[in-house]
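Thanks for coming. I have one structure to go through today, so please bring it up on your screens.

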Amino acid sequence: MYGPDATFLGVPAADLDDPPSFANAHAVVIGAPFDGGTSHRPGARFGPQAIRVTDYLPHDGSRPHLALGVDPLVELGVVDVGDVEMLPGETERSLDKLEAAVERVARSGALPVVLGGDHTIALPDVTAVARHVGWGRVSVVHFDAHADTGDTQFGSLYGHGTPMRRLIDSGATRGDRFLQLGLRGYWPEPETLAWMARQGMRSFEMAEVVERGLDACITEALAIATDECDGVFLSVDVDVVDPAHAPGTGTPEPGGLSSRQLLDAVRRIAMEVPLAGVDVVEVSPPYDHAEVTAYLANRVVLEVLSGCAWRRRGFGGSGAARRRPGAPLLEAGSPEANG
Ligand SMILES: [Mn+2]
């Protein structure tokens, strides 16, 4: 919608109105250039384009992963259907269009990978996946500095501070299968925290992540996320990362994860659990410096896809992420290598 018509790292273009064009894809990239839900700095409408093209390697649709020995773009047959047209000032209409696009991809059997856009888009993203996988049968693993569980935002039901409450209110996902990692700062207020507790939400605040270690928190989160659910939606707000590593975002909150931690975390999750949908949101290029945030978001997508490709080869499951780096691929599937 904004900028040149480029695909994610040069993968083939596909068209949502032409189902054969993505029939063989195991993952489909969708752009959601919407920032009408931001409460502070805008600019995330330019996120999809930045995430697609920010790389120093050729845009040749191939990215062999050094540690895993998979080429996620090739092995998953990744295609990019471009941006959903999301019109500034037309929030509900824009979200409806995105929901229809994500549902179409999910029903094709491919993994929808949505590039935001502000976090408002998680509402249509998860809703669409739940329509396919099963209402209330999709858990959410949510990386963010903020809970995004506000009841309203400036009096509106829709905004980047409210999608998680809408999803639980609708029943698309269960509150007690909603896992949040990285929360910190000074929001939300006690009333909203009490609502979250009543839903049975599990929020691993940064204080707990620092105390216990991120890996231990993820292990607990994934056990919950895979209990009585048929798929996991991974929603990554780039502001979960410290602004030192991800300055180009709308509501930066100091004291977050490192970029290294986030990349390792999302790769591990994709390796260990069945993902049903992914979104990467809140990259705001106008506030970025030296493309730091865009590079990170591009790599978040690649690490997720690499984990999925690894899992698809049959190496998935608990312990997969603890493979010795650089170990030969065949050795890596053995119990010894996983231990
Ligand atoms: Mn968010």
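**Helix pair and sheet**

The crossing of α9 and α10 is right-handed. Bear in mind that this is a predicted model. Helix α9 covers residues 259–272 and helix α10 covers residues 292–315. Their axes come within 7 Å and cross at roughly 25 degrees. Angles under 35 degrees count as roughly parallel, and α9 and α10 are therefore roughly parallel to each other.

Which residues of α9 meet α10? On the α9 side they include L262, L263, V266 and I269. Their counterparts in α10 include L296, V300, V304 and W310. Charged side chains take part too, among them R267 and R268 in α9, and R299, E303 and R311 in α10. By class, this contact has eleven nonpolar, three polar and five charged residues.

Now the sheet. It is open, has eight strands, and is ordered β2-β1-β3-β8-β7-β4-β5-β6, with parallel pairing. Which strands stand at the edges? They are β2, residues 79–83, and β6, residues 202–205. Each has a single partner strand, so one side of each is left without a neighbour in the sheet. On average, neighbouring strands are turned by 15 degrees against each other, direction ignored.

At the β2 end, three bridges join β2 to β1, residues 27–32. There, V29 stands opposite D80 in β2.

Two helices to finish. Helix α3, residues 91–107, lies across β1, β3 and β8, and runs at about 175 degrees to β1. Helix α8, residues 214–225, lies across β4, β5, β6 and β7. The angle of α8 to β5 is about 160 degrees.

Definitions and conventions
Residues numbered from 1 in each chain as written. Predicted model: local features only at pLDDT ≥ 70, side-chain atom pairs only at ≥ 80, totals over all residues. Axes fitted to C-alpha atoms, helices over the stretch in contact; angles between N-to-C directions. Helix = DSSP H or I, 4+ residues; strand = E, 2+ residues; numbered from the N terminus. Parallel < 35°, antiparallel > 145°, perpendicular 65-115°, else oblique. Left-handed = near helix turned anticlockwise from the far one by under 90°. Contact = placed C-beta atoms within 7 Å. Pairing = 2+ DSSP bridges.
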